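Please look through the model shown here before reading on.

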Amino acid sequence: MFLKVKLPWNVVIPAENLDAKGLMLQKSIVLRLLEDFAHKKATKDLGYYLAVTTLESIGDGKIRQSTGEVLFPVVFSGITFKIYRGEILEGIVHKVLKHGVFLRCGPIENVYLSNAKMADYKYVQGENPVFLNDKHSKIEKDVVVRFIVIGTKWLEAEREFQALVSLEGDYLGPVS
Amino acid sequence: MSGEEEENAAELKIGEEFLRAKCLMNCEVALILEHKYEQLQQTSDDPMNQVSQVFEKSLQYVKRFSRYKNPDAVRQVREILSRYQLAEFELCVLGNLCPETVEEAIAMVPSIKTKGRAHDDEAIEKMVNDLSLIKKFE
């Protein structure tokens, strides 16, 4: 799910960028914020950081004695993406293995659908491996699948989420 | 893999702060990200280099999974669904998946039948029809 969030942030501007006045300073702050934001990638609470939509306010700058940089407390609005247990989403298959498939959903690459969670589908080996059911419904690379999220995991080191999903439920499965 | 025991979007148990947070449909996010990307194209020779992987993958995703492309249609979907007593989360799942029947709507967002708001089948059918009408006239 995409979320619209409002967040406080501390933007640190090095001394050399402070000579400019007014608009140039604001531009420096915005650029720095965008850099920091892109660098952050994701957090456990809010999910993946996508984009800054509005800069709501810029507070008074505070000088950091040791480095001569100035810290500006800002508030901005932005968009994040987070995946929830129980949520129903659509994703695209990008890898088919014997025990399940990996899907891509939003910025998440590792959404895993185990063969145990797509009960009536059987693995068919080959150059282009697929999962097939008796109604000739196919799950293979580049197919869109609608699934329910049964578990999520936040990986602190990689700053990313993984999800475990299932086709157990009505109206779930490949979408044409 | 451990799911957070209490979290369950199907029952709308997604944390107090998220229940009140604004959620965005894929089509709304598509309009915003496309606009941002266009702005970048005007100021840079290589816009793809300026955006994060997260941005790029998300833009690809929302462009593919937007049911409505026209900005007026997108606005209408938000406006019309807002007339029903829906949580932001529920509104967005409906706007994203566009169920075609009452049964499908309830399967996609089970919480619309619970949480004490008693959306009867008639109301849900109207929701589903409204969504499909907007699509027809897009």
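How many residues does helix α2 of chain B have, and how far does helix α2 reach from its first C-alpha to its last? Helix α2 covers residues 26-43 of chain B, has 18 residues and reaches 26 Å between those two atoms. That is close to the 26 Å expected at 1.5 Å a residue, where the expected span is 1.5 Å times one less than the number of residues in the helix. Helices (H or I, at least four residues) and strands (E, at least two) are DSSP runs, numbered from the N terminus.

This is a predicted model, in which local features need pLDDT of at least 70 and side-chain atom pairs count only at pLDDT 80 or more, while totals for chains, interfaces and linings use all residues. Residues are numbered from 1 along each chain as its sequence is written, chains are lettered from A and ligands numbered from 1 in the order in which they are written, and side-chain values use heavy atoms, with hydrogens and water left out.

Which residues of helix α2 in chain B are buried? They are B:N26, B:C27, B:E28, B:V29, B:A30, B:L33 and B:Y37. Buried means under 20% relative accessible area, exposed means over 50%, and partly exposed lies in between (1.4 Å probe, protein chains only). An α-helix has 3.6 residues a turn, so residues three or four places apart point the same way.

Chain B as a whole comes to 8 helices and 1 strand. Along the sequence, the pattern of chain B reads α-β-α-α-α-α-α-α-α. Of the 138 residues in chain B, 49% are buried.

B:N70 sits in the loop between α4 (53-64) and α5 (71-82). Because its relative accessibility is 33%, B:N70 counts as partly exposed. From B:N70 to B:I106 the distance is 27 Å, C-alpha to C-alpha, and 36 residues in sequence. B:T114 belongs to the loop between α7 and α8 of chain B, and with a relative accessible area of 41% B:T114 is partly exposed. B:T114 and B:L12 are 102 residues apart along the chain, yet their C-alpha atoms are separated by 9.5 Å. Helix α8 (residues 121-136) of chain B contains B:S132, which is partly exposed at a relative accessible area of 36%.

The charged side chains come next. Over all chains, the whole structure has 19 salt bridges, a salt bridge being a side-chain nitrogen of Lys or Arg within 4 Å of a carboxyl oxygen of Asp or Glu. In chain B, the closest N and O atoms of the salt bridge between B:D121 and B:K113 are 2.9 Å apart. B:D121 is partly exposed, with a relative accessible area of 41%, and B:K113 is also partly exposed, at 36%. In chain A, A:R64 meets A:E69 in a salt bridge at 3.3 Å, N to O, and A:R64 is partly exposed at 37%. Another salt bridge joins A:E156 to A:R159, with 3.5 Å between the closest N and O atoms; A:R159 is partly exposed at 26%. A network of salt bridges links A:E90, A:R146, B:R67 and B:E104.

Two residues of chain A stand out by their backbone angle. Most residues other than glycine have a negative phi. A:H136, which is not a glycine, has a positive phi of about 60 degrees. The place of A:H136 is the loop between β10 (130-132) and β11 (138-139) of chain A, and A:H136 is exposed because its relative accessible area is 67%. A:Y171 has a positive phi near 65 degrees. This residue lies in the loop between β13 (160-166) and β14 (173-175) of chain A and counts as partly exposed at 40% relative accessibility.

Is A:L50 of chain A buried or exposed? A:L50 is buried, because its relative accessible area is 4%. Strand β3 (residues 47-58) of chain A holds A:L50.
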